[in-house]
Amino acid sequence: MEQNGIAGVKLRPVENGTACQFMTPGGCSVYEDRPTACRYYPVALLSMRKQDEYTDTQSYALVKEEHCLGHNEPREITIDAYRREQGLEEYDELARGWRQLILKKKSSGPAVGKPSKRSLQLYFMVCYDLDTFRSFVMSEGFTELYELPADETSKIFADDTALMLFGFRFLRQVLFGENSITLKQAAAEKRRGRVHEKSQQFENEAREKRATEQDDMYGDSLG
Ligand code: SF4
């Protein structure tokens, strides 16, 4: 699934149907770990972020669908109390970094351009494959490139939540060029050298191609 130029995942429904595959006759089989959207339902969360503002604002709407029998209950509750009851304060806080990425991508428009294939692969790994991201952060290539304090490194290796939050910082760097993680100086210079070398190579190739095209053109007109 792809939306706003970045990849996402969607839970597959039951075979030949639209129902969630975690639904059982006794109710939700993953209730304790149900996703944020399920915790909110039948409330819809709308997050908006203006181009010139750093933080997003939230508003809520009530979704009325016939199959939701909760609407028939004689009970009133404020949105704050409902969010507390559903454990949403913690979920929203932890997902904030991810939401900021999506909103920034949406609000930045074409000026930022389509992310490269490599940055999309990194985005997918950080958001949906934390084990691979941990191995990536532990790899020689990563540690050669980035300056990370030892206490932070041991924290993100041991704790999934810390790793996920670090991943959002890393993605701000990868997708939007923010300097959120310090590059080691030698590695940064080496990288700049490689980029320069590559751009020289492209320029030389383009020059050679133009020269060959001109030769062909003159060859044709003389021939
Ligand atoms: S609460 Fe969410 S995860 Fe659980 S059965 Fe319903 S849709 Fe599926």
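What follows is a walk from the whole fold to a few selections.

**Before you click.** This is a predicted model, in which local features need pLDDT of at least 70 and side-chain atom pairs count only at pLDDT 80 or more, while totals for chains, interfaces and linings use all residues. Residues are numbered from 1 along each chain as its sequence is written.

**The whole chain.** Start with everything shown: the protein has nine helices and six strands. Helices here are DSSP runs of H or I with at least four residues, strands are runs of E with at least two, and both are numbered from the N terminus. Of the 223 residues, 7% count as buried. Buried means that 20 or more other C-beta atoms lie within 10 Å of the residue's own, exposed means 12 or fewer, and partly exposed is in between, with C-beta atoms placed from the backbone.

**Helix 4 and helix 8.** Now select residues 117-128, which are helix 4, and 160-176, which are helix 8. Their axes are 10 Å apart and the packing angle is about 170°. That makes the two helices roughly antiparallel, a label for angles over 145 degrees, just as 65 to 115 counts as roughly perpendicular. The axes are lines fitted to C-alpha atoms over the stretch in contact, and angles run from 0 to 180 degrees between N-to-C directions.

Show side chains next. On the helix 4 side you'll find S119, L122, Y123 and V126, and they meet G167, F170, L171, V174 and L175 of helix 8. Contact means C-beta atoms, placed from the backbone, within 7 Å. By class, seven of these residues are nonpolar, two polar and none charged. Ala, Val, Leu, Ile, Met, Phe, Trp, Tyr, Cys and Pro count as nonpolar, Asp, Glu, Lys and Arg as charged, and the others, Gly among them, as polar.

**The core.** Which residues have the most contacts inside the largest nonpolar core? Select L122, Y123, V126, F170, L171, V174 and L175; the core has 13 residues. Such a core is a set of buried Ala, Val, Leu, Ile, Met, Phe, Trp, Tyr and Cys residues joined through C-beta atoms within 7 Å. Helix 4 and helix 8 are the elements that give two or more residues to this core, and the largest share, five residues, comes from helix 8.

**L175 and I6.** Click L175: leaving out residues up to four places away in sequence, L175 touches L101, K105, P115, S119 and Y123. Then jump to I6 in strand 2, residues 6-7. Is I6 buried or exposed? I6 counts as buried because it has 20 C-beta neighbours inside 10 Å. With residues up to four places away again left out, I6 touches K105, P115, L120 and Y123.

**Helix 5.** Next, select 130-138, which is helix 5; its axis is 11 Å from that of helix 8, at an angle of about 75°. These two helices are therefore roughly perpendicular. Here L130, F133 and R134 of helix 5 meet D160, L163, M164 and G167 of helix 8. This contact has four nonpolar, one polar and two charged residues.

**Last stop, the ligand.** Select the ligand and its surroundings: C20, F22, M23, C28, V30, R34 and C38. Each has its C-beta atom, placed from the backbone, within 6 Å of the molecule. This shell divides into six nonpolar residues, no polar and one charged.

Terms used:
Parallel < 35°, antiparallel > 145°, perpendicular 65-115°, else oblique. Contact = placed C-beta atoms within 7 Å.
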